[in-house]
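Please keep the sequence and the three-dimensional view at hand while reading.

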Amino acid sequence: MRVTHTFEPVYDGNSEILVLGTFPSVKSRESAFYYGHPQNRFWKVLAGLTGEEVPGSIAEKKALLLKHRIAIWDVIRSCDIEGSSDSSIRSVEANDIAGLLRASRIREIYGNGDKACQLYNRFCREQTGKEIHRLPSTSPANAAFSLGRLLECWSVILDAGGCG
């Protein structure tokens, strides 16, 4: 099924770190915001890194990101996908990541999982000229990583200027 991304990136003029996912899950598309599946640990990881409460509303999530100079978006603007399965993604049209970088102060790019990095390198890297750093996926499908282990791995974004 052909699906188009329907929500904008979250960033502002102070954003320094960009975290890229692949494409919104079914639950995220239903809630019209990033990492909407209740089992996805993205918001728990960011809250743990920043010492903030886990945000509940979209407004709280945006505020957490912007307060800590973190931008989020997805590599894919539209694609053919079955449900939420990254492995089923076909016929990719990428988002304009290079345009986002030009419109911001983003210095470092991190991929939430292998697939986000693979897609970025295939469809965006040439236009941006920037390397992407792979982080383990916060998806519930990545059961090999406990929340503690995710926090340990994701702490590199603290050193990059975000979360402070």
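**Cysteines**

The sulfur of C117 is 11 Å from the closest cysteine sulfur, which belongs to C124, and this is too far for a bond. The model is a predicted one. A disulfide is a covalent bond between the sulfur atoms of two cysteines.

- The structure contains zero disulfides.
- C79 takes part in no disulfide, and the nearest cysteine sulfur to it, that of C124, lies 13 Å away.
- C79 has a relative accessibility of 0% and therefore counts as buried, the limit being under 20%.
- C117 is also classed as buried, because its relative accessible area is 7% and the limit is under 20%.

**Overall fold**

- The secondary structure of the protein consists of eight helices and seven strands.
- The radius of gyration is 14 Å, close to the 15 Å that the globule rule gives for 164 residues, so the protein is as compact as a globular protein of that length.
- Along the principal axes, the C-alpha atoms fill a box of roughly 40 × 35 × 30 Å.
- Of the 164 residues, 48% count as buried.
- The protein exposes about 7900 Å², and carbon and sulfur atoms supply 47% of this area.
- Among contacts with a separation of 6 or more, 65% are accounted for by residues 24 or more positions apart.

**The nonpolar core**

- The largest nonpolar core has 43 residues, of which L18, L20, W43, L46, I72, W154 and I157 touch the most other members.
- The largest share of this core, five residues, is contributed by α2.
- Leaving aside neighbours within four places in sequence, L18 is in contact with A71, I72, W73, I97, L100, L101, I106, E108, I109 and Y110.

**Y35, in the loop between α1 and α2**

- Y35 is found in the loop that runs between α1 (26–31) and α2 (42–50).
- With a relative accessible area of 13%, Y35 is buried, because the limit is under 20%.
- Not counting residues up to four places away in sequence, Y35 touches L20, G21, S28, N40, F42, W43, N112 and T138.
- A polar contact of 3.3 Å links the side chain of Y35 to the side chain of N112.
- Y35 and A141 are 106 residues apart along the chain, and their C-alpha atoms are separated by 13 Å.

**T138, in the loop between β7 and α7**

- T138 occupies the loop between β7 (132–135) and α7 (147–154).
- The relative accessibility of T138 is 0%, so this residue counts as buried.
- The side chains of T138 and N40 are joined by a polar contact of 2.8 Å.
- Apart from neighbours within four places in sequence, the contacts of T138 are Y35, Q39, N40, R41, F42, V45, N112, L150 and W154.
- Y35 and N112 are among the contacts of T138, and the side chains of Y35 and N112 make a polar contact with each other.

**E16, in the loop between β1 and β2**

- E16 lies in the loop connecting β1 (2–4) and β2 (17–21).
- E16 counts as buried because its relative accessibility is 10%, where the limit is under 20%.
- The side chain of E16 makes a polar contact of 3.3 Å with the side chain of R105.

Note on methods. Residues are numbered from 1 along each chain as its sequence is written. This is a predicted model: local features need pLDDT of at least 70, side-chain atom pairs count only at pLDDT 80 or more; totals for chains, interfaces and linings use all residues. Side-chain values use heavy atoms; hydrogens and water are left out. Helices (H or I, at least four residues) and strands (E, at least two) are DSSP runs, numbered from the N terminus. Buried means under 20% relative accessible area, exposed over 50%, partly exposed in between (1.4 Å probe, protein chains only). Contact means heavy atoms within 4.5 Å. A polar contact is a pair of N or O atoms within 3.5 Å; within protein, one must be able to donate a hydrogen and the other to accept it, and residues adjacent in sequence count only if both atoms are side-chain atoms. A nonpolar core is a set of buried Ala, Val, Leu, Ile, Met, Phe, Trp, Tyr and Cys residues joined through side-chain atoms within 4.5 Å. The radius of gyration is taken over C-alpha atoms; the globule rule is 2.2 Å times the number of residues to the power 0.38. Accessible areas come from the Shrake-Rupley method with a 1.4 Å probe; for residues, only the protein chains shown count as cover. A disulfide is a pair of cysteine sulfur atoms within 2.5 Å.
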